[in-house]
Amino acid sequence: MNRIGVLTSGGDSPGMNACIRSVVRHGMARGMEVIGYRRGYEGLIDNDGIRMTSRSVSGIMQTGGTILQTARSKRFLDPDVRAEMVQRLKADGLDGLVVVGGNGSFRGAVELVALGMPVAGVPASIDNDIGGTDMAVGVDTCLNTIISAVDKIKDTAGSLPRPFIIEVMGRKSGYLALLAGLACGAEMVVIPEEPVELQALGKIIVDAYHRGKSMFICLVSEGATVTAREITDYLKLHIPPEGGGPRLSILGYIQRGGSPSAFDRILATRMGVAAVNALADGQHSHMVGLNGNRITATPFLEAAAMTPTIEPGLSEMAVTLSQ
Ligand code: F6P
């Protein structure tokens with residue numbers, strides 16, 4: 001491998017910059033030229049790449065977002081666009097590519113491999129919904145952001161008799177809601193993996209209110225079968241408005257930004273190095289991952305088949321411990 005590319009794709013996550021830094025500097029240390037493509041697969045199609053140097057990645061380790069920017073590319077879905085693009089990349093002497101992103105990005109990577117372009121993937125998404133790794137880059141920082149936001153909300157929740165319904169991100173995964181719920185001592189966690197019925201769920205909160213439970217924090221994953229807004233509307237009909245009544249808080253995009261935690265910086269750094277090594281060592285269709293405390297490499301298709309599951313008993317544990 002003499003010349004490799006690096007790009008970030010899909011939703012940004014904290015730690016992507018630490019990963020870019022690691023790919024660039026480790027690639028250079030192994031004698032490679034590293035091209036940084038802007039805006040994910042969009043930049044690859046437009047040939048929007050620049051030769052990275054050690055200096056281009058100075059001072060980025062502690063920043064959220066991605067200096068290469070990112071995109072969810074529609075054009076990339078067109079097989080003719082992809083074929084033409086790979087032909088041009090090969091003619092430019094590109095020997096391989098590191099793709100930092102999530103499930104959609106890796107489906108794209110498989111298409112590139114099929115056209116003869118070696119790819120190594122680094123899992124990065126706050127949702128922690130990627131098979132083949134215990135943790136993706138950005139999850140730990142995001143959890144810390146949620147925890148700090150909920151801790152602040154708890155100050156008000158403990159001062160006035162109002163239940164708080166808090167929506168967190170996660171797409172179809174309840175990982176963020178569940179783990180944040182455990183870390184914050186939330187009274188209830190609602191996740192897509194465990195479908196619930198609005199009336200039954202609402203009754204638990206209403207009963208707790210009438211028993212005099214002074215604080216009730218309900219964390220709802222955005223992909224859950226009942227939404228945070230539906231729960232809040234139900235409670236407004238069943239809880240008297242003293243103290244202001246039930247409150248809804250949607251944490252939104254603050255969850256995706258911010259300076260990466262120590263865990264994410266180290267994870268991103270280790271994974272960036274491993275991705276370059278995978279390409280150099282002939283693993284040409286693999287996603288690197290963290291399994292236990294080991295960095296591994298799993299073929300994309302195998303990783304995609306390993307749907308991450310929620311550890312059994314965790315949500316029960318969260319509820320039991322918050323009583
Ligand atoms: O995948 C990360 C994520 O932040 C999800 O939790 C959320 O549903 C989605 O991205 C939002 O995506 P967009 O950037 O398209 O608004």
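**Close-up views of a predicted model**

A polar side-chain atom of Arg171 lies 3.3 Å from an oxygen atom of the ligand. The structure is a predicted model.

View A. Asp127 places a polar side-chain atom 2.6 Å from a ligand oxygen. For Glu222, the separation between a polar side-chain atom and an oxygen of the ligand is 2.5 Å. The protein buries 75% of the 400 Å² that the ligand exposes when taken alone.

**View B. The residues around the ligand.** Arg72, Ile126, Asp127, Met169, Gly170, Arg171, Glu222, Tyr253 and Arg256 surround the ligand. Among them are Asp127, with its 2.6 Å pair, and Glu222, with its 2.5 Å pair.

**View C. Helix H3 from end to end.** H3 covers residues 79-91. Its 13 residues, at 1.5 Å a residue, should span 18 Å. The end C-alpha atoms are 18 Å apart, so the model agrees with that expectation.

View D. Arg82, Met85, Val86 and Leu89 of H3 are buried. These four cover an arc of only 100 degrees around the axis, so they sit on the same side of H3. On the other side, Asp80, Glu84, Gln87 and Ala91 are exposed.

**View E. What covers the buried residues of H3.** The cover includes strand E2, residues 33-37. Helix H2 (40-45) and helix H4 (103-114) also contribute.

**View F. Either end of H3.** At the start of the helix, a side-chain oxygen of Asp78 comes within 2.9 Å of the backbone nitrogen of Asp80. Asp80 itself is exposed. Just after H3, Gly93 adopts a positive phi of about 90 degrees.

**View G. Gly27 in helix H1.** Gly27 belongs to H1, which runs over residues 16-29. Its relative accessibility is 0%, so Gly27 counts as buried; the cut-off for buried is under 20%. Setting aside neighbours within four places in sequence, Gly27 is in contact with Ser22, Met32, Val34 and Val276. Between Gly27 and Met52, the sequence separation is 25 residues. In space, their C-alpha atoms are 10 Å apart.

How values were computed. Residues numbered from 1 in each chain as written. Predicted model: local features only at pLDDT ≥ 70, side-chain atom pairs only at ≥ 80, totals over all residues. Heavy atoms only, no water. Helix = DSSP H or I, 4+ residues; strand = E, 2+ residues; numbered from the N terminus. Expected span 1.5 Å × (residues − 1). Buried < 20%, exposed > 50% of the residue type's maximum accessible area, 1.4 Å probe, protein only. Arc of directions from axis to C-beta. Contact = heavy atoms within 4.5 Å. Polar contact = N/O pair within 3.5 Å; in protein donor to acceptor, adjacent residues only side chain to side chain. Near = heavy atom within 4 Å. Areas by Shrake-Rupley, 256 points an atom, 1.4 Å probe, with all protein chains shown as cover.
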